[in-house]
Amino acid sequence: METTLCIIKPDAVKNGFEDKINEKIISSGLKIIRSKKTLLTEEIASDFYKEHAHKPFFNELVEFIISGEVVVQILEGQDAIKSYRSLMGSTNPVEAEEGTLRKLFAESLSKNAVHGSDSPVSAAREIDIMKKIF
Ligand code: ATP
Ligand code: MG
C-alpha cells in the first residue's frame, strides 16, 4: 500500500466541491485515511511549495493556497500516487482529460481545485510537513 498527499484547494472549497471530489476519490478505490479542513499558514505553504520558489508564479501560488480554507488529506491505496495523479488530470484544466477532477471542478491553471504529490519522495516530504496540522 502507498500513501499520497491530497489538498482540496481554496477555489474548490469555496465552490462547495469538497464532497463531490471525495466521492470521486473513494470510487476510484483510494481510501481517505486522514482529513482536515484548515487554513494553512504562510510558513507551511512556502515550505510546501519550496520546489517552485524560483518560479515567477511562486508568490501567487502561496497567496492563493493560504487565501481560504483547504482540505488536507492523506490517501492510501495500491499505486496511490500515480492513481490519484491520473484522477486529478493535467495541471491546466483546459488540457485535463474528461472525467478528471480538474476537468470537472477547476477554474483555471492557478485555481485548479486539487493538489497531489507527484512522486514517492514528494509524498513523503509533503506528508511530513502536513503532520503538523493533523
Ligand atoms: P500540484 O502540485 O498543485 O498538484 P502539478 O503538480 O500538476 O500541481 P506543478 O508544476 O507542481 O503542477 O505546479 C504547482 C501549481 O502551481 C499548479 O497546481 C498550479 O496551480 C500552479 N501553476 C503551475 N504553473 C503555473 C503558471 N504558469 N502560472 C500560474 N500558476 C501555475
Ligand atoms: Mg506539483
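**View 1. Polar contacts of ligand 1 in the predicted model.** H52 places a polar side-chain atom 3.2 Å from an oxygen atom of ligand 1. For K9, a polar side-chain atom lies 3.0 Å from an oxygen atom of the ligand. The backbone of L109 also takes part, with a polar atom 2.9 Å from an oxygen atom of ligand 1. The protein buries 79% of the 580 Å² that ligand 1 exposes when taken alone (Shrake-Rupley method, 1.4 Å probe). A polar contact is a pair of N or O atoms within 3.5 Å. This is a predicted model, in which local features need pLDDT of at least 70 and side-chain atom pairs count only at pLDDT 80 or more, while totals for chains, interfaces and linings use all residues. Residues are numbered from 1 along each chain as its sequence is written, and side-chain values use heavy atoms, without hydrogens and water.

**View 2. The shell around ligand 1.** Of 13 residues around the ligand, K9, R85, T91, L109 and N112 come nearest (near: a heavy atom within 4 Å). Strand 4 (residues 114-116) gives the largest share of this shell, three residues. By class, the shell holds four nonpolar, six polar and three charged residues.

**View 3. The largest pocket.** Ligand 1 takes up the space of the largest pocket, which holds about 430 Å³. Among its 19 lining residues, K9, Y49, H52, L61 and T91 are the closest to the centre. A pocket is an open set of points on a 1 Å grid where a 1.4 Å probe fits, with protein on both sides within 12 Å along at least five of seven lines; lining residues have an atom within 4 Å of a point.

Key. Chains lettered and ligands numbered in written order. Polar contact = N/O pair within 3.5 Å; in protein donor to acceptor, adjacent residues only side chain to side chain. Sits in = over half its atoms within 2 Å of the grid points. Helix = DSSP H or I, 4+ residues; strand = E, 2+ residues; numbered from the N terminus. Nonpolar A, V, L, I, M, F, W, Y, C, P; charged D, E, K, R; others polar. Points joined across faces, edges and corners; volume = space filled by probe spheres on them.
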